[in-house]
Amino acid sequence: MAKKVLAVVKMQLDAGAATVAPPVGPSLGQHGVNSVQFVKEYNERTQSQAGSIIPCEVTVYADRSYSFITKTPPTSDLLRKAAGVEAGSGSPREEKVGEIVEGQLAEIAKIKMPDLNANDIEAAKKIVAGTARSMGITIADWED
Amino acid sequence: MGERWLAIDVVVEEDEVDDVQAVMARWAGGAVAVEQMIDAAALDDFVPDGRCRLTAYLRDGAELPVTKYQLFNALWMLGGGGSAGLRKPGERWTEESEWMEQWKRFYRPLAIGRVGIVPAWDESEIPGAYVVVSLDPGQAFGTGLHVSTRQALLALQQCGVEGRRVLDLGTGSGILAIAAAGLGAAAVVGLDTDARAVDAARENVTANDQEARIELGVGTLGEPGVEQYLSQPFDIVVANIVAAVHCELALHYPVPIALGGHLILGGIVDERADLVTAAMAELPLALAERIDEERWVNLVYTRTP
C-alpha cells in the first residue's frame, strides 16, 4: 500500500550548499521532518550542480519519512547567468537589462525541457523567451 | 541559537505561484517555500485543491520593518489583478529553537538488528534482548532514522564488534560508537570534524554510561592532532560520511586497520558509488559486500596485505 502523504513542499535551494535556515527548517519542521538529515541528503544529491539553484519537491508522509525529487534550475536563474546580470528589470518593457543570443536561448530551453509543458525544443524556446521578455532580457537574432 | 524569523503567508491559485514566488524570493533572499493546499473534506487522502500557500521568511532585525513594507507593497501590486489573498498576507513568528525541535515529537524507539535506538526523552520499556542506545541527536546527524545510519549499524553487527577495537569517523550524534560499545566492543574511538557534533556525542556517551570505553575527539584521518587516538590498530573502521569525503580519505583508510579487519563506508548516494569504489581500487582493501537500498549504498571492505 502506498504511504499516506501529509504534505508536499517546494523550495528553491542552493545546490550543494543548502542549510537548515529558512525556508528549510521551519517549512519541514512544521511537518515533523528532521531538516539536518534532509539538508545532508539534498546537498549530497546536488553537489555536482553547485553554484546553481536547484528546486526540490519534498513529499512528507504520515510517518514523517520523506522523499524528494529535484528539478531543473529556474528559467530566470539560467537567463540571469546567460546574460551576466544580477537581477531582472523592474520595468521590462522600457528598461532592458541584458541580452542573450539564440544559441543560449536554445541551450536553456534544452535544460528546461523536462520540466516544461512543451512538445519540442521550438515550443520550449518560446516559453523561455517569454520569461526573458518579462525580465527585460532581449534575444539577439531571434524572432518569436 | 534562537534566531527569530517572521513568516509571511499568502494563499494563491496555482497559476499565480511563479509570479508571487519571484516577488517573495526577491525580498526574502530566496527563503520561500511553496506548499500545496489540500481539500480539507478529503480526510484520508491527499487531494490538492488547486491552491498553494507561499511563505516568505524574513529575518528579525533592524531592517525587518523596511523589508516587510517592501514585500507587502510588491504583493499588493501583484494582487491588483489576482487573488485577494495577496492584499492581506498572514504573519507569524517562527523561532529556530521551535522548528529544530518539532521533528522530535515523531521520533520513536526503533530497532536496528539487535540494537534498540531510544530517544533520550522517551520512557518506553525496551525488551531485554536489545542493546539500548539512548539518544538526543541535537543538531548532529545520526538519529537511526536515515537509511545510511541503519545500513552502517547493520554492517557493524554483521562484522561482529565484540571484543574488538572500533573507530567511528564522522561520529555525529555518536550513535554508531555507542551502539558498538553496547554490543561489546573493547574500545571505541569516535572522531568528527565538527566540534558541535563531538559535544552532542559526548553528552550521549555520558547518558549511556559508556565513558570508560568510548574516546571522542575533533578531527579526522590525515590531520594533525588525532595521532593520540590512533596509536593502536583498529579491527573495524566505520565511516558514515559522504562520497566526496570517502574519496578524500581513501589513502588514509587502510592505515589504522589491522590486517583482516573491516572498513564500513556509508552515506554514499547511488550515483556516486562508482567514484568511491574507484578511489579504493588500488588500495590494500578488498570489497566484501555492497548493499543498495533506497538509493543509498553501503560498502564493506576487508583489509588485505
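**View 1. Contacts of E44(A) with chain B.** Apart from neighbours within four places in sequence, E44(A) is in contact with V242(B), A243(B), A244(B), G267(B), V269(B) and R272(B), contact being heavy atoms within 4.5 Å. E44(A) lies in helix α2 of chain A (residues 35–46); helices (H or I, at least four residues) and strands (E, at least two) are DSSP runs, numbered from the N terminus. E44(A) counts as buried because its relative accessibility is 4%, where buried means under 20% relative accessible area, exposed over 50%, and partly exposed in between (1.4 Å probe, protein chains only).

This is a predicted model, in which local features need pLDDT of at least 70 and side-chain atom pairs count only at pLDDT 80 or more, while totals for chains, interfaces and linings use all residues. Residues are numbered from 1 along each chain as its sequence is written, chains are lettered from A and ligands numbered from 1 in the order in which they are written, and side-chain values use heavy atoms, with hydrogens and water left out.

**View 2. Strand β11(B) and its partners.** In β11 of chain B (residues 234–240), 6 of 7 residues are buried. Strand β8 of chain B (residues 165–169) runs parallel to β11(B), joined by 4 bridges; two strands pair if DSSP finds at least two bridges between them. V238(B) in β11(B) faces D168(B).

**View 3. From β11(B) to β12(B).** Strand β12 of chain B (residues 257–269) is parallel to β11(B), with 6 bridges between them. I264(B) in β12(B) is the bridge partner of V238(B). Between β11(B) and β12(B) the chain passes through helix α7 of chain B (residues 243–249), a right-handed β-α-β crossover (with the strands pointing away from the viewer, the path from the first strand over the helix to the second runs clockwise).
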